[in-house]
Amino acid sequence: MRIAVIGAGGVGGAFGAALANAGADVTFVARGAHLNAIRANGLRIEGGRGETVVSPASATDDPATIGPVDFVLFCVKLWDVETAGAAIKPLIGSATAVIPLQNGIDAADRLIPILGGPAVMGGVAQISATIAAPGVIRQTGSFMRLIFGELAGGRSARGEGFLALCREAGFDATHSDHIQTDLWMKFILLATNSAITAASRSPLGVLRDDPDIAPLFARAAGEVVAVGRAAGIALPDDAAEHTVRFNRTAPPGMMASMAHDLIKGGRLELPWLSGKVVALGRELGVPTPVHEVLFAVLKPFVSGGAG
């Protein structure tokens with residue numbers, strides 16, 4: 001199975017490395033020093049699941065050199081969706097499946113006008129990992145799960161084939177027949193945790209037991225649930241509580257990627273996370289006071305700068 005990983009950061013690097021070690025023909029698309037290190041020394045994943053090394057690793061900065069593939073793991077930042085989507089057109093064959101693994105809820109909708117509806121699936125990545133050094137991905141904790149499915153619902157032959165490969169790769173995987181619900185379940189968690197860990201510049205272990213901070217997680221998650229239901233998304237009765245339960249058992253050092261980006265002075269995905277919650281809330285008439293405050297506090301840093 002031929003796979004292209006677009007964006008070999010924490011998400012793409014970790015899942016791509018696991019799939020490569022399971023026997024898939026994986027090509028990583030990266031840039032700069034990270035690309036140079038992967039070409040020279042391979043790609044190394046370290047952290048809670050031990051060490052995984054792909055060496056030699058196939059890597060390029062030009063998707064057009066790869067040719068059509070079976071699957072694309074699309075892992076660029078949210079502000080790069082349209083630009084990267086146009087760049088991967090040479091990868092798309094008659095049966096290619098593109099699985100966007102961004103935060104947020106609208107990456108697939110943004111790719112469809114560029115790549116066509118049949119090429120785009122929905123995807124959710126559950127992992128905490130970042131680039132520790134060029135050619136090195138460091139994972140926090142050991143959980144690693146991929147959820148994917150056809151946007152219209154139901155199961156497909158290509159999804160079943162990819163599921164079998166994921167299981168060989170040794171991480172949890174689900175071929176979902178209700179991927180829209182899965183996307184929103186992750187959005188509830190990510191929009192909430194991204195904003196709170198970024199605004200506080202602190203990991204979950206510092207925040208979840210603080211009596212003044214811990215209640216914000218439940219309130220913020222509840223706002224996202226209310227917006228999702230108003231948008232017509234089927235969500236379980238305990239959707240907000242799911243975020244709270246996850247945070248209780250998550251590794252104490254875990255911080256959302258947006259918090260890492262803020263601390264490094266990088267650009268933030270805020271407009272597609274808390275910003276999206278606020279915008280949809282206004283559109284649908286759903287109050288979102290916690291996310292409004294978090295969005296306002298973080299907005300001055302959205303283009304990068306000292307955090």
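Which residues in α11 are buried? The views below come from a predicted model.

**View 1. The buried residues of helix α11.** Helix α11 covers residues 274-284. Ser 274, Gly 275, Val 277, Val 278, Leu 280 and Gly 281 are buried there. Buried means under 20% relative accessible area. The cover over these residues includes α6 (179-200), α8 and α12 (289-298).

**View 2. Helix α8 crosses helix α11.** Two packed helices are described by the angle between their axes and the distance between the axes. Here, α8 spans residues 214-230. The axes of α8 and α11 come within 10 Å. They cross at roughly 50 degrees, so the two helices are oblique to each other. The crossing of α8 past α11 is left-handed.

**View 3. Side by side: the residues where α8 meets α11.** From α8 come Val 224, Val 227 and Ala 230. From α11 come Val 277, Leu 280, Gly 281 and Leu 284. This contact is made up of six nonpolar residues, one polar residue and no charged ones. Val 277, Leu 280 and Gly 281 are also among the buried residues of α11.

**View 4. The residue after helix α11.** Gly 285 follows α11. Its phi is positive, near 75 degrees.

**View 5. Asp 62 in a loop.** Asp 62 sits in the loop between β5 (58-60) and β6 (69-74). Its relative accessibility is 33%, so Asp 62 counts as partly exposed. How far apart are the C-alpha atoms of Asp 62 and Gly 170? They are separated by 29 Å. Along the chain, the two residues are 108 residues apart.

Technical notes
Residues are numbered from 1 along each chain as its sequence is written. This is a predicted model: local features need pLDDT of at least 70, side-chain atom pairs count only at pLDDT 80 or more; totals for chains, interfaces and linings use all residues. Side-chain values use heavy atoms; hydrogens and water are left out. Axes are lines fitted to C-alpha atoms, for helices over the stretch in contact, and angles run from 0 to 180 degrees between N-to-C directions. Helices (H or I, at least four residues) and strands (E, at least two) are DSSP runs, numbered from the N terminus. Angles under 35 degrees count as roughly parallel, over 145 as roughly antiparallel, 65 to 115 as roughly perpendicular and the rest as oblique. A crossing is left-handed if the near helix is turned anticlockwise from the far one by less than a right angle, and right-handed if clockwise. Contact means heavy atoms within 4.5 Å. Ala, Val, Leu, Ile, Met, Phe, Trp, Tyr, Cys and Pro count as nonpolar, Asp, Glu, Lys and Arg as charged, and the others, Gly among them, as polar. Buried means under 20% relative accessible area, exposed over 50%, partly exposed in between (1.4 Å probe, protein chains only).
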